[in-house]
Amino acid sequence: MRVEIRDDPADILRSPALDVAPYGARHAALALRLGLDLSATVDALEHIPLALDRARHPPVRRAIAGLIAAASPDIRAELPALVARHFAPFLRSGHLEAMTGVVQPCVADLLARLAGFEIGLGPGTLVSRIFSQALGPARRRRMEDEIRELRARIARAFPATGEDERGARLALAILGHDALTGTLGSSLAALLPRDAPRPLAGLDWEATPPRTGVPYIDRVAVADVQIGSRPVDRGETVRARLDVYEHAPAAARSAFFGAGTHLCLGRPLSLDLWAELVRLMAAAPTAARLLAAPMRHDDVFHIPERLEVEVSLP
Amino acid sequence: MSTPTTATIRRAVVAAFDEIAGLLSNPEVGPALIRGDDVPLAGIELDSLTRFEIIMRLEEEFAIELDDDEVLAQTSVAGLVAHIGARLAGRAA
């Protein structure tokens, strides 16, 4: 049974009686039942803190935090150029499909710098659907193949490193991809006018993205617990709705990145990237109108399939 | 390759449910399925792993990719048959 408690997701995420959903065990059970080899998927989940219970996740989280800390100074220095390069289509007139033309390449570029290798995931990648409960067997097999390919790339790029560091780099390549793509894409969809072109510089660019690519996080009760006014039985899944913050003031929206022991490690860089984007857009000489923003069919992420944008010179 | 008919898809769907979950011997729904009537999927209790097994069988039968939430969104066997039919027609177009 799943319980949704909409008023304060932070209570759920901070509760010591709630832990992560058993993603690895679910994949292992599925592989056994269906006779599939999902070993690379299960192994990848062993290196993703979000998929590990409290007892196992601290060293894995430390390894990823170490890689992020080491890469962050260079990335921060490169962010203005990176954003300017990828978002340049917003500065000249024309029709633009901004997901494949701008957002996805920008996120891929950022993650490659963070993970330290050319990730090479295409727009249709399934790798970051690793948290999906809905993905069918055929897509899980494709995801497994993609994860094997990623592991091979890491092994070629870092032949002398151990399994733990390779696992951390794999996690970096997987983790932030759709969360950041979805946050940027759905925030642009929320900000761009739909009725008539308006100058980009005049739009309401705030310090925090107005939308999140991660609308919820599931937790499982490891003991009977009271969350707010709701009793939750051991074994129940509790859904923390992060998208409730979409209606909060900008200062409160950093709560999009979660709370407690699994607070998103990518939060500072994501906010820095958004700040650069805001700086660029607030000085843009162009106007824009959103023509279409159909959402991707996805049970985990809130992510536009396409962002059709008309950019013009006012 | 021609698109399978609705009757062919229905036979394959019923066979997958029967071979994996013994549906035709279920007294609640078996007789109706044998008669060719529609049956609500809500009346067929399946755990998620059994559902995935059925999905995999259908994916292999029709060479399509089918997600669990697509199947869960269907309310009846006829709805699932129509959904698969639409996917196959979309692929053929």
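1. Gln104(A) counts as buried because its relative accessibility is 16%; buried means under 20% relative accessible area, with a 1.4 Å probe and protein chains only. Gln104(A) sits in helix H5 (residues 98-115) of chain A, where helices are DSSP runs (H or I, at least four residues) and strands likewise (E, at least two), numbered from the N terminus. Beyond its neighbours within four places in sequence, Gln104(A) is in contact with Met99(A), Pro123(A) and Thr181(A), contact being heavy atoms within 4.5 Å. Gln104(A) and Pro123(A) lie 7.1 Å apart, C-alpha to C-alpha, with 19 residues of separation in sequence.

2. The model is predicted: local features need pLDDT of at least 70, and side-chain atom pairs pLDDT 80 or more, while totals for chains, interfaces and linings use all residues. Residues are numbered from 1 along each chain as written, chains are lettered from A and ligands numbered from 1 in the order written, and side-chain values use heavy atoms, without hydrogens and water.

3. Gln104(A) also lines the largest cavity, together with Pro123(A), His177(A), Asp178(A), Thr181(A), Arg296(A) and Ile303(A). A cavity is a set of points on a 1 Å grid over the protein atoms alone where a 1.4 Å probe fits but cannot get out, and lining residues have an atom within 4 Å of a point. The volume is about 30 Å³, taken as the space filled by probe spheres set on the points, which are joined across faces, edges and corners. H7(A) gives the largest share of this lining, three residues.

4. The largest pocket has a volume of about 1,200 Å³; a pocket is an open set with protein on both sides within 12 Å along at least five of seven lines. Its lining has 50 residues, and nearest its centre are Leu50(A), Ala179(A), Val214(A), Ile217(A) and Phe301(A). H7(A) supplies the largest share here, eight residues.

5. The second largest pocket holds about 350 Å³. Of its 17 lining residues, Gly124(A), Arg129(A), Arg296(A), His297(A) and Glu305(A) are closest to its centre.

6. The largest nonpolar core has 96 residues, and Phe87(A), Phe90(A) and Val309(A) have the most contacts inside it. Such a core is a set of buried Ala, Val, Leu, Ile, Met, Phe, Trp, Tyr and Cys residues joined through side-chain atoms within 4.5 Å. Helix H7 (residues 163-191) of chain A gives the most to this core, twelve residues. Apart from this core lies another of 26 residues, including Ile20(B) and Leu88(B).

Notes: Buried < 20%, exposed > 50% of the residue type's maximum accessible area, 1.4 Å probe, protein only.
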